[in-house]
Amino acid sequence: MDVIWLWSLLKNRSFLWLLLVVNVLGTIYGYIWYMPQLERTPGIFIPFVPDSPTASLFFCFVLIAFLLKRNWPIFEVLAIITLFKYGVWAIVMNLLTLWVSGDLPWEGYMLMVSHGAMAVQGILYSSFYRVKPWHIVVGAVWAVHNDIIDYVYMQYPVYSQLYKYIQHIGYFTFWLSIASIAIAYYFTQKTTRNSLTL
C-alpha cells in the first residue's frame, strides 16, 4: 500500500507543480551561490561551473515535460546522472569541510539535506523516463567532460580549505561520475517502465 501511495503522489499533478517550484527556487539559489566564482570564470567555462544548480535545472525541464504529458529523454538522463552525482558530492564535501575545519555553518547542513533530496528525486522518477542507450552515452560524456573542466582546468567549486585535497577530490569525483552513469543505466534500462498518467 505504501508503494501505491508513493506512485500516486509522484504522478499527482499538484505535487509535480510543487516539485517544479521547489526546484526552480533551488536552481536560482544555486546560481546565486556560484555568482562570486562565475564573476572570475572565463566565459568558455561558465556552462560547466555551476554544477548543482545546472543539475536541478535539468530536472526542471523533466518536470515541465511531464506536466506537458511528454518525455524529454536528454534532460532525463542528464538529470538522473547529475542529480545523483552532485547530490552525493555536496554531502561528502560538506562532511569533509566539517572534518577539516571542525565546524560547519547552518548553511552546510541545509545544503546536505537539499542535495540529499536532489540525489533521490532523479532516481524516484526514473521509471517514467524514456531513455535510450545513446542518451546515456551523451550523459556520460557530459559528466566526464565536466570533471575535466573542474579538475584539469581547475574550475572546481570553491570550498574553503578543501583546495589542499583537490587531487583526492578530483579522483573521487571521477569515480562518482562512473557510479552515477552506472546508476542511470540501471534505473533507465534494467527496471520496469511506468506510465505517468496525469
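Student: In this predicted model, which residues of α7 are buried?

Tutor: The model is a predicted one, and burial here means a relative accessible area under 20%. By that cut-off the buried residues of α7 are Ile166, Ile169, Gly170, Thr173, Leu176, Ser177, Ser180, Ile181, Ile183, Ala184 and Thr188.

Student: What covers the buried residues of α7?

Tutor: Cover is judged by contact, that is, by heavy atoms within 4.5 Å. For the buried residues of α7, what covers them includes α4, α5 and α6.

Student: How far apart are the end C-alpha atoms of α7, and what span should its 24 residues have?

Tutor: The expected span is 1.5 Å times one less than the number of residues, and for the 24 residues of α7 it comes to 34 Å. The computed distance agrees with this expectation, because the end C-alpha atoms of α7 are 34 Å apart.

Student: What kind of aromatic pair do Tyr186 and Phe187 form?

Tutor: By the ring-centre rule, the count comes to 16 aromatic pairs. One of them joins Tyr186 and Phe187, with 5.1 Å centre to centre and 85 degrees between the planes. Planes over 60 degrees apart count as edge-to-face, so the pair of Tyr186 and Phe187 is edge-to-face.

Student: Which residues of the largest nonpolar core touch the most other members?

Tutor: The largest nonpolar core has 43 residues, and the elements that give two or more residues to it are α2, α3, α4, α5, α6 and α7. Within this core, the residues that touch the most other members are Phe59, Phe66, Trp89, Tyr125 and Tyr129.

Student: Which element gives the most to this core?

Tutor: The elements giving two or more residues to the core include α3 (51-67), α4 (73-101) and α5 (106-124). With 11 residues, the element that gives the most is α4.

Student: Which residues do ring pairs link into a cluster with Tyr129?

Tutor: Leaving aside neighbours within four places in sequence, Tyr129 is in contact with residues including Phe59, Phe66, Ile80 and Arg193. The cluster linked by ring pairs holds, together with Tyr129, the residues Trp7, Phe59, Phe66, Tyr125 and Phe128.

Note on methods: Residues numbered from 1 in each chain as written. Predicted model: local features only at pLDDT ≥ 70, side-chain atom pairs only at ≥ 80, totals over all residues. Heavy atoms only, no water. Phe/Tyr/Trp six-rings, centres within 6.5 Å; stacked < 30°, edge-to-face > 60°. Core = buried A, V, L, I, M, F, W, Y, C linked by side-chain atoms within 4.5 Å. Buried < 20%, exposed > 50% of the residue type's maximum accessible area, 1.4 Å probe, protein only. Helix = DSSP H or I, 4+ residues; strand = E, 2+ residues; numbered from the N terminus.
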